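Biologist: I have a chain to learn and a list of questions. Show it to me, and let us take it piece by piece.

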Amino acid sequence: MTDEPALLSHQNGAVRTLTFNRPDRKNAITRAMWSALRDELRDVTYGGAVRAVVLTGAGGSFCSGADIADASGMDEFPDPATEIRAINEAVLQLHELPVPTIAKVRGVAVGAGWNLALGCDFVVATPDAKFCQIFTRRALSPDCGGSWLLPKLVGLQQAKRLAMFADTIDAAEARSLGLVTWIQPEDAIDEFVADAAARLAAGPPTALAQTKSLLNDGADRTMREALLNEGHAQRINLTCPDVIEAFAAFSEKRDPVYGTARGVGA
C-alpha cells in the first residue's frame with residue numbers, strides 16, 4: 001500500500017505534470033481522481049503560474065479508463081447523473097484550459113483514458129502504446145468527449161469504426177489516423193515531452209491561448225465566423241505586452257521573455 005495520492009501533481013518551472021497514480025490498476029480513474037483532476041485544472045486556469053500541462057500515467061500505463069469497480073465517493077456522487085456531471089466538468093476543464101497540454105502515453109490508453117489523451121492538444125506515445133475505445137465492450141457508449149473528438153480528428157467513418165468495433169490499435173496506426181502527434185522511443189519520450197512543454201511554456205501565453213481557442217472552435221464555424229473570431233483574438237493579442245516584447249526581441253536578435261496571459265475570453 002502507498003500513501004501517495006492517486007493523482008500526482010508536480011511543478012517544474014512553468015510546466016505542471018499531472019500523473020495518474022494507480023499503477024496496480026493501470027491507472028483506472030476513481031471518483032476521487034475525477035474530482036482531483038478537475039481541481040488541478042481549475043488551479044491551472046485561474047492560478048496564472050502554469051504555462052503548459054503534461055498529463056501522464058505511472059508504472060508504464062497511461063490510463064485504463066474509469067474504474068467501474070470503484071465503490072468510493074458515493075456520498076459525493078449518489079447517482080449516475082451527478083457523477084456524469086462531475087466527470088464532464090473535468091473533461092471540459094481540460095478542453096478549455098487556456099494553456100497548451102501534452103498527453104505522454106506509455107502502455108494502454110483505454111476508454112475515458114484515451115479520450116482524456118485526445119482532449120490534450122498533443123499526444124506523444126511510445127511505440128508499444130495501445131489505444132482502445134472500449135465502451136461497447138462494456139455495453140456503453142463513448143464519453144469524456146469521445147463522440148465529439150473522434151469525428152473531428154479522423155472523420156465520421158473511422159470514428160464509427162473505432163467506437164463501434166472497439167478494436168485495439170497500436171501507436172503506429174494511431175499516428176497514421178492523426179490520433180498521435182509524435183511517436184518516441186521509451187528511452188527518449190521523457191526528454192522529448194519535457195523539451196516540447198518547455199518550448200510551449202516559453203511561448204507568448206495570450207497568443208497561444210487565443211490560437212488554441214480559435215482552432216478548437218474553428219471546425220464548427222463558417223469562414224465568416226472564423227474571420228470574426230480571428231479579428232477579436234488579434235485585437236486581444238495587440239493589447240498585450242507580449243506583442244511589444246516579441247517585436248523588441250526580433251529587433252534585438254534575442255529570445256523573447258513573455259509575461260502572464262491576460263485578456264483570454266474577453
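This is a predicted model: local features need pLDDT of at least 70, side-chain atom pairs count only at pLDDT 80 or more; totals for chains, interfaces and linings use all residues.

Biologist: Is Lys253 buried or exposed?

Modeller: The cut-off for exposed is over 50% relative accessible area. Lys253 has 77%, so Lys253 is exposed.

Biologist: What is the phi of Lys253 near?

Modeller: Lys253 is a residue other than glycine, yet its phi is positive. The value is near 55 degrees.

Biologist: Lys26 also interests me. Where does Lys26 lie?

Modeller: Phi of Lys26 is positive too, near 50 degrees, and Lys26 is not a glycine. Its place is a loop. That loop runs between strand 2 and helix 1.

Biologist: As what does Lys26 count by relative accessibility?

Modeller: Buried means under 20%, and exposed means over 50%. Lys26 has 44%, which lies in between, so Lys26 counts as partly exposed.

Biologist: Now the start of the chain. How many bridges join strand 1 to strand 2?

Modeller: The two strands run antiparallel.

Biologist: Is Leu18 buried or exposed?

Modeller: Leu18 is in strand 2. Among the residues it touches are Leu37, Leu41, Val53 and Leu55. Under 20% relative accessible area means buried. Leu18 has 0%, so Leu18 is buried.

Biologist: How far apart in space are Leu18 and Gly57, C-alpha to C-alpha?

Modeller: In sequence, Leu18 and Gly57 are 39 residues apart. In space, their C-alpha atoms are 8.1 Å apart.

Biologist: On to helix 1. How many Å does helix 1 reach from its first C-alpha to its last?

Modeller: Helix 1 covers residues 31-47, which is 17 residues. At 1.5 Å a residue, 24 Å is expected. The model comes close to that, with a reach of 24 Å.

Biologist: What covers the buried residues of helix 1?

Modeller: The buried residues include Met33, Trp34, Leu37 and Leu41. Strand 1, strand 2 and strand 3 are part of their cover. The cover also includes helix 2 and helix 3.

Biologist: At what angle do the axes of helix 1 and helix 2 cross?

Modeller: The two axes come within 9 Å. Their crossing is left-handed. The contact includes Trp34 and Leu41 of helix 1 and Ala86 and Ile87 of helix 2. The axes cross at roughly 35 degrees.

Biologist: How many nonpolar residues does the contact of helix 1 with helix 2 have?

Modeller: Sort the contact by class. There are 2 polar and 5 charged residues. The nonpolar residues number 8.

Biologist: Which residue follows helix 1?

Modeller: The phi of this residue is positive, near 85 degrees. The residue is Gly48.

Biologist: Next, pairing further on. Which residue stands opposite Phe122?

Modeller: Strand 4 and strand 6 pair in the parallel sense, over 4 bridges. Phe122 is in strand 6. Opposite Phe122 stands Ile102.

Biologist: In strand 9, what is the bridge partner of Ala125?

Modeller: Strand 6 and strand 9 pair in the parallel sense over 2 bridges. The partner of Ala125 in strand 9 is Ile183.

Biologist: Last one. Is Ser147 buried or exposed?

Modeller: Ser147 is in helix 4. Its C-alpha is 9.2 Å from that of Asn115. Over 50% relative accessible area means exposed. Ser147 has 56%, so Ser147 is exposed.

Technical notes
Residues are numbered from 1 along each chain as its sequence is written. Side-chain values use heavy atoms; hydrogens and water are left out. The expected span of a helix is 1.5 Å times one less than its number of residues. Buried means under 20% relative accessible area, exposed over 50%, partly exposed in between (1.4 Å probe, protein chains only). Contact means heavy atoms within 4.5 Å. Axes are lines fitted to C-alpha atoms, for helices over the stretch in contact, and angles run from 0 to 180 degrees between N-to-C directions. A crossing is left-handed if the near helix is turned anticlockwise from the far one by less than a right angle, and right-handed if clockwise. Ala, Val, Leu, Ile, Met, Phe, Trp, Tyr, Cys and Pro count as nonpolar, Asp, Glu, Lys and Arg as charged, and the others, Gly among them, as polar. Two strands pair if DSSP finds at least two bridges between them. Lists of a residue's contacts leave out its neighbours within four places in sequence.
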